[in-house]
Amino acid sequence: MPGMDDTIPLIEKCFEIWPGLMRFAAVGEGAHAALAAAMDAARETSGALLSDAELLSSGLPDVLPRGAAARRVAEHVRRIADAARLEPARLPPVAAALPGAVCDHIADAMAEAGGDGCAFLTVSLGDAMAVKTARGVATPPMPHMPPVLCEFLTALGPGFTGGAAMGGTRADFPTEGFADMVGVAAGSAAEAGYMAAALSDAVYAGGVSVREEPLRDRIAAMSWEGRKTVFQTGTMEPDAIWDALSSGVRRAAALREARLLRAAALGLKGRGRTVGPVDGDKLLRFGVSEWR
């Protein structure tokens, strides 16, 4: 592994928090200190997270969350909304950025505690992941981290620092679009999570049957109330698939032009599009046989 001693083990821990299981991992002499800081930050964050999630899901303007992680969300959402040139009604709910914001907050605490002794550290929660990597260091094998996110990191190449997130009908949060899977790399996990939702919503074509299901997560149900969320799509002709993917790519291009989105991969019914420096051929779990 370039830039990393293979004899230094990857240290991993986990913590139960909304919307699921948060996982931490670090490599290097500072890994134990980093993970201890992660657990402390996770305990502190968990005290206000659910109430903050409910507050953000209310849709009320100018809400002020208690937690440091949730307070980051409004700024990220505003930047992405401006870059994508979307009206408020067409924006994903702000809750889509919250798991990533939590990851960013915990990763910052890990980096401060681990210092230069951490060649690699990461935090995942739901479909979002924050990563800090020393220059030239490849993503190490992480058997207990979300496999699709790890595969997406590998496709981005060595030395990635920032955030990655997944969206689409196979992701945890709902979508109004047709994409099976969307992967986004950005400067932060909060921005990646929100852009993954925005790109997923943009993958759309008319005249396609869709199946909806009740949302099980209470915060998701509150946030997406009144929206037509897609659980599964019917048969689509190849031209319609490419047209739907092109809609997502156009939104991705606007976000990349604004220097918010670093890379993205979008998959729908065996076909896919990439934006920026991501190797689609390494994304086996996307189930795409043809990339453009």
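Which residues touch the most other members of the largest nonpolar core? Before selecting them, note that this is a predicted model, where local features need pLDDT of at least 70, side-chain atom pairs count only at pLDDT 80 or more, and totals for chains, interfaces and linings use all residues. Residues are numbered from 1 along each chain as its sequence is written, and side-chain values use heavy atoms, with hydrogens and water left out.

**Stop one: the cores**

Select Phe24, Ile106 and Met110: of the 79 residues in the largest nonpolar core, these three touch the most other members. A nonpolar core here is a set of buried Ala, Val, Leu, Ile, Met, Phe, Trp, Tyr and Cys residues joined through side-chain atoms within 4.5 Å. Buried means under 20% relative accessible area, exposed means over 50%, and partly exposed is in between (1.4 Å probe, protein chains only). Now colour helix α1, residues 31–57, which gives the most to this core, with 10 residues. Helices (H or I, at least four residues) and strands (E, at least two) are DSSP runs, numbered from the N terminus. Another core, of 25 residues, lies apart from the largest one; among its members are Cys150, Phe160, Met166 and Ala265.

**Stop two: strand β5**

Next, select residues 162–167, strand β5: six of its six residues are buried, so the strand is largely enclosed by the rest of the structure. Show strand β4 (residues 128–133) too, and you will find it paired with β5 in the antiparallel sense over four bridges; strands pair if DSSP finds at least two bridges between them. Ala128 has Ala165 in β5 as its bridge partner.

**Stop three: the rings**

How many aromatic pairs does a search of the whole structure find? There are four, counting rings of Phe, Tyr and Trp (its six-membered ring) with centres within 6.5 Å; planes under 30 degrees apart are stacked, over 60 edge-to-face, and the rest tilted. Zoom in on Trp18 and Phe173, whose ring centres are 6.1 Å apart with planes at 40 degrees, so the pair is tilted. Both residues are buried.

Phe178 is buried at 2% relative accessible area, whereas Tyr204 is partly exposed at 46%.
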